[in-house]
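Hello,

Here is the structure I promised to send you. Have a look at it first, and then read on for what turned up in the backbone and in one of the helices.

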Amino acid sequence: MEIHGFCDPRFARVREAFERNFAEHGDIGATFAATVEGEFVVDLWAGHADLARTRPWEEDTIVNVYSTTKTMSFLCGLLLADRGRLDFHAKVTDYWPEYGQNGKESTEVRHFFSHAAGVPGFDPYLTSPEELYDWQGCIDNLAAQAPWWEPGSQSGYHAITQGFLIGELVRRIDGRTLGTFFREEIAEPLGADFHIGMGAEHFGRVAEMIPDTSPLDPAFGEPDPDSITGRVFAGAPADTNAVNTDGWRQAELPAAGGHGNARAVVRAQTPVANGGSAFGVDLLSPEGCRVIQEEQTDGPDAVLMMPVKYGMGYAFPNEMMPMSPNERAMFWGGAGGSTIVVDQDAHVCLSYVMNQMRNALIGDQRGGSLGRAFYEAL
């Protein structure tokens, strides 16, 4: 396996872990990147962009990253809040009056960012991916629902719905869709090759998303279809049959439809790890960055069925998800394995992105091993 890119010599063990992911853990195409104090110290890519291994993974190959996309939605909210246009503690109805139906009148903006809003799924269910691409239909569905629990009382992973909830706030406040706002205010200034809704001109460099054919992790298993978890995932068709289509790539799906590579993820998120500035861009104020550390919920997540402590969007590491040895580091990940860590204390940002999925909702051993190797070298 030929490894491309660069790796600062002090992070040689990261390169070794990256190679092992191909030799021992089944990676087909993957990238890993990291910055320290706002400078890239690792930027690696290798493998192939398709299951048949006919297309090499190139420097500019991008792929769907599922829920790692959520952190880009968080950035949009942080930016609006930093500019005084969004108040995390305000009522959602201050910006989106139609949302205040059926017991959701008390929902605060911060509940959207911490999976505490009580609308983790669609009701009624969506029955095709094409329904996911209908923005107005999705937000009407969410606005009309009764909450599945009292807003703010607990977390329950809003796997797909979070992107529509945050995205509609952005649209109501700014007038632009979240994908456009992200591109113009964050991706383009920072040079981040990350897309939430992409043009057809990029299709030729998108890697195939490859499903995991191994059995589900017995620790997670098949959820009861009548449980909250079962209802969340049954109500929004989002498997690789949808992801590998032009419709998915063009749609703005701010919770799960972003496309990029590890370098792109890190370029977008590095300012948050460095007081708001990176790559010559002053994106946020230091105070605006620190907002992510404000604890929102801490306890068993009603959808993920594991304990999660959420800050403003991002989550803190815990024993089940040890993404960083620093307890104040923030992270998230995507179904299949992609990850992002923003460590404000160490001024570190790192990401792993791949196309071979594993049956895991939030990262897996491949990204975890790279993170451990990185911090050991650091």
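A helix here is a DSSP run of at least four residues, marked H or I, and helices are numbered from the N terminus. Please keep in mind that this is a predicted model.

Let's start with helix H7, which covers residues 178-190. At 1.5 Å a residue, its 13 residues should span 18 Å, and the end C-alpha atoms are 17 Å apart, which agrees. H7 also has a kink of about 35°, centred on Glu184. Just after H7 comes Gly191, with a positive phi of about 70°.

Which way do the residues of H7 face? Several are buried, including Leu178, Phe181, Phe182, Glu185 and Ile186. The buried residues of H7 pack against H2, H6 and H11, and also against strands E6 and E7.

Now for the backbone. Most residues other than glycine have a negative phi, and most peptide bonds are trans.

- Tyr66 is not a glycine, yet its phi is positive, about 45°. Tyr66 sits in the loop between strand E4 and helix H2, and it counts as buried at 7% relative accessibility.
- His115 has a positive phi too, near 60°. His115 is in the loop between H3 and H4 and is buried, with a relative accessible area of 1%.
- The peptide bond from Asp123 to Pro124 is cis, with omega near 5°. Pro124 lies in the loop between helix H3 and helix H4.

Enjoy exploring!

Best wishes

Methods: Residues numbered from 1 in each chain as written. Predicted model: local features only at pLDDT ≥ 70, side-chain atom pairs only at ≥ 80, totals over all residues. Heavy atoms only, no water. Helix = DSSP H or I, 4+ residues; strand = E, 2+ residues; numbered from the N terminus. Buried < 20%, exposed > 50% of the residue type's maximum accessible area, 1.4 Å probe, protein only. Expected span 1.5 Å × (residues − 1). Bend = angle between axes of the 7 residues up to and from the residue. Contact = heavy atoms within 4.5 Å.
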